[in-house]
Amino acid sequence: MYALPLTTISMVKGTGIVTSVPSDSPDDYAMLKDLQTKKGLREKYNVEEEWCVPFEPIPIIDIPGMGNMAAKKCYDDLKIQSHKDADKLKQAKDMCYLEGFYKGIMTVGACEGKKVEEAKPIIKELLMSQNMAIPYYEPEGEVVSRSGDQCIVALKFQWLMKYGEEEWKNEVKSHVQGEHFNTFNPKIRHEFEVILEWLKEWGCSRTAGLGTKLPWDEQFVVESLSDSTIYMAYYTVAHLLQGGVLDGSKPGPLNVKPEDMTMAAWDYVFLGKDYNATECPNVSEDHLKKMRHEFEYWYPMDLRVSAKDLIRNHLTMSLYNHASIWKDNMEQRMCRGYFCNGYLMLNN
């Protein structure tokens, strides 16, 4: 099996090696034809004559009106001269791939007689069931960090939040479209409505960086956009717990330590649950009652100000998480207004 050069393949994506299908890929056909007929091109790429000259394209798909050698037909019809005719080859590729996928009929293999679009998932499943293939994912384009560096992206197993679940989504949508939510601009409200239909499963965990440990799987920390969706509730009691000392070196006015604030303590403050002395051994009900009073006084938020790029993730997720955590008292806890600013470009 020979690997031949193809100038249209990205060498920074995956392995840089793809299957050659000169019967249906105009790029593949053009390069094979040039390698077969141009000695100088073979020498340039160190390709031996016997690696390419004896081989002819093998028909695998029959397309009505284009036959079983669609790439060759488009190559001839468009009078393409070589593998360097980029514009014409793109035109030919669009024709072959579109017609082939929706109208093409397989002429070989396990799916002989089936349409290509029907055959694709069947062949995928067949290859995977026989351990001849694995699922493979890649970004749609190059990923660049804020520092301008190219990122190497890997698929990592992680936990997902099931945003988009119908009942949950409809609760949030009802609030966004209701009289108790102000966006100050109809375009912003529309953007939230669009994102509610678009946002689905979201990876809420990661394996590196600062963050809160995922309670049920501590090899992960909570991803930052997901981690900060209800911190506004904490703002309402931060002055009692920290007293303006952000590094925790001194306790706040209530003299409560971080470890004293158990889940039961937070449930008392934020969810209105009964006081449980056993589960809150180091913090009195009087102290928690003061915190609950502050929270209930300041919530719901009248206004949250943020940038428009966060509508498609953090801001919508914040609404989702408020609706879930305060499900039994949603209208008294959901944010009443989001003001989203745009951008200005100054001095480039």
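**Notes on the predicted model**

1. The pocket has a volume of about 1100 Å³, and among the 26 residues that line it, Thr212, Pro215, Asp227, Ile230 and Ile325 lie nearest its centre. The elements that give two or more residues to this lining are helix 8 (224-227), helix 9 (231-241), helix 10 (263-271) and helix 12 (311-325), with the largest share, five residues, coming from helix 10.

2. On the surface, Phe184, Leu303, Val305 and Phe339 form a nonpolar patch, and together these residues have about 380 Å² of accessible area. Val305 belongs to strand 7 (residues 304-307), and this residue counts as exposed because its relative accessibility is 52%, where the cut-off for exposed is over 50%.

3. Side chains of opposite charge can pair when their charged atoms come close. The structure holds 11 salt bridges, one of which joins the side chains of Lys103 and Glu99 at 3.3 Å, N to O. Both Lys103 and Glu99 lie in helix 4 (residues 86-103), where they are four residues apart, about one turn of the helix. Lys103 is partly exposed, with a relative accessible area of 42%, and Glu99 is also partly exposed, with a relative accessible area of 23%.

4. Another salt bridge is formed by the side chains of Lys327 and Glu167, at 3.8 Å from N to O. This pair links distant parts of the chain, 160 residues apart, since Lys327 is in the loop between helix 12 and strand 8 (338-341) and Glu167 is in helix 6 (residues 166-176). Lys327 counts as partly exposed, at 43% relative accessibility.

5. The side chains of Glu197 and Lys173 also meet in a salt bridge, here at 2.4 Å, N to O. Glu197 lies in helix 7 (residues 186-198) and Lys173 lies in helix 6, so the pair ties together parts of the chain that are 24 residues apart in sequence. Salt bridges with shared partners join Glu166, Lys169, Lys173 and Glu197 into one network.

6. As for its distance from another part of the chain, Leu240 and Lys79 are 161 residues apart in sequence and 78 Å apart in space, taken from C-alpha to C-alpha.

7. Some points of backbone geometry deserve a look. The peptide bond from Tyr299 to Pro300 is cis, with omega near 0 degrees, and Pro300 is placed in the loop between helix 11 (285-298) and strand 7.

8. Which residues other than glycine have a positive phi? One of them is Asn131, with phi near 60 degrees, in the loop between helix 5 (116-129) and strand 3 (160-162); Asn131 counts as exposed, at 71% relative accessibility. Asn348, which is not a glycine either, has a positive phi of about 65 degrees and is found in the segment after strand 8, where Asn348 counts as exposed at 83% relative accessibility.

Notes. Residues numbered from 1 in each chain as written. Predicted model: local features only at pLDDT ≥ 70, side-chain atom pairs only at ≥ 80, totals over all residues. Heavy atoms only, no water. 1 Å grid on protein atoms, 1.4 Å probe; cavity = no way out; pocket = protein on both sides within 12 Å on 5 of 7 lines; lining within 4 Å. Points joined across faces, edges and corners; volume = space filled by probe spheres on them. Patch = residues over 30% accessible without salt bridge, like charges linked within 9 Å, V, L, I, M, F, W, Y side chains within 5 Å. Areas by Shrake-Rupley, 256 points an atom, 1.4 Å probe, with all protein chains shown as cover. Salt bridge = Lys/Arg side-chain N within 4 Å of Asp/Glu carboxyl O. Buried < 20%, exposed > 50% of the residue type's maximum accessible area, 1.4 Å probe, protein only.
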